[in-house]
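Here is a short note for a colleague opening this model for the first time. Please read it with the structure in view.

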Amino acid sequence: MELNRMIDHTILKPDATIEDIERVAEEARQYNFFSVCINPCFVSIMKKLLKGSDVKTCTVIGFPLGANTPTIKAKEALEAVDNGADEIDMVINITMAKAHDYDYIEKEVHLVKANCRGKLLKVILETCLLSNEEIVEVCKAAVRGGADYVKTSTGFSKGGATLEAVEIMRQSVPSYVGVKASGGIRTKEDAIKMVEHGATRIGTSNSVKIVE
């Protein structure tokens, strides 16, 4: 298992500095992580910092609440891709998921996907706020909308990834759709357990500790 090539090396804290961004870029190069996941304002900077490496530039959309309108999320995605993003992680409208308006989820995912210009789209469910049944239905809606991945968490809510949620997500999407576990993954053992339960990508700010 090449665990490093499954990791999105993540820095999304609101007080991240340019020095922090430069540091995580260098760490990603050193350990050959799959991507670095940063806030949208850093996309163009990160793209330059990672030039010449295999590490992808990933950013977040509608983050962290998912409460922006679908049109705004789609415009965010378009600008991110124009700035050099290789992957987009979007947060669903959690209110609509709790209202079981899965058509809304499908439509907003579809709108964002259309603006990704072929770049990979991961859809963040915020599983700690959903029932198991809601997780299943949101996964299905995300797939119908064109999601390439479903993702557990933003890391900014009351809970992160759980083995149960990852397993439910894996069972709810086709084999060609990935599952990203993120939020609270701090050790190599945590990461391996997530993979054993169906995760194909890991989002964490503890990446260096995990691979070392």
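**Notes on the predicted model**

1. Start at glycine 198. This is a predicted model. Glycine 198 is buried, because its relative accessible area is 13%, under the 20% cut-off. The residue sits in the loop that joins helix 8 (188-196) to strand 8 (201-204).

2. Now look at what surrounds glycine 198. Beyond its neighbours within four places in sequence, glycine 198 is in contact with Val166, Arg170 and Val179. Glutamate 167 is 31 residues away in sequence, yet the two C-alpha atoms are 5.8 Å apart in space.

3. How many residues of strand 1 are buried? The count is 5 of 5, so strand 1 is mostly covered. In a regular strand, side chains alternate between the two faces of the sheet. In strand 1, both faces are covered. Ile7, His9 and Ile11 are buried on one side, and Asp8 and Thr10 are buried on the other.

4. Take histidine 9 as a close-up. It belongs to strand 1 (residues 7-11). Its relative accessibility is 2%, so histidine 9 counts as buried. Setting aside neighbours within four places in sequence, its contacts are Val24, Glu27, Ala28, Phe33, Ser35, Val36, Cys37, Thr204, Ser207 and Val208.

5. Next, follow the chain from strand 1 into helix 1 (residues 18-31) and on to strand 2. Together these three elements make a right-handed β-α-β unit. The length of helix 1 checks out: at 1.5 Å a residue, its 14 residues should span 20 Å, and the end C-alpha atoms are 20 Å apart.

6. Which residues of helix 1 are buried? They are Asp20, Ile21, Val24, Ala25, Glu27, Ala28 and Tyr31. These residues lie on the same side of helix 1, because they cover an arc of only 160 degrees around the axis. They pack against strand 1, strand 2, helix 2 (43-49) and helix 9 (207-211). The face turned away from the buried side carries the exposed residues Glu19 and Gln30.

7. Check the backbone just past helix 1. There, asparagine 32 takes a positive phi of about 55 degrees.

8. Two further residues have a positive phi without being glycine. Histidine 100 has a value of about 65 degrees. It lies in the loop between helix 4 (94-98) and helix 5 (102-114). Glutamate 126 has a value of about 55 degrees. Its place is the loop between strand 5 (120-124) and helix 6 (132-145).

9. Buried or exposed: what is the setting of glutamate 126? Glutamate 126 is buried, because its relative accessibility is 2%. Histidine 100 counts as partly exposed, because its relative accessibility is 46%.

10. The bond from phenylalanine 63 to proline 64 is cis, with omega near 0 degrees. Proline 64 is in the loop between strand 3 (56-61) and helix 3 (70-82).

Technical notes
Residues numbered from 1 in each chain as written. Predicted model: local features only at pLDDT ≥ 70, side-chain atom pairs only at ≥ 80, totals over all residues. Heavy atoms only, no water. Helix = DSSP H or I, 4+ residues; strand = E, 2+ residues; numbered from the N terminus. Buried < 20%, exposed > 50% of the residue type's maximum accessible area, 1.4 Å probe, protein only. Contact = heavy atoms within 4.5 Å. Right-handed = clockwise from strand over helix to strand, strands pointing away. Expected span 1.5 Å × (residues − 1). Arc of directions from axis to C-beta.
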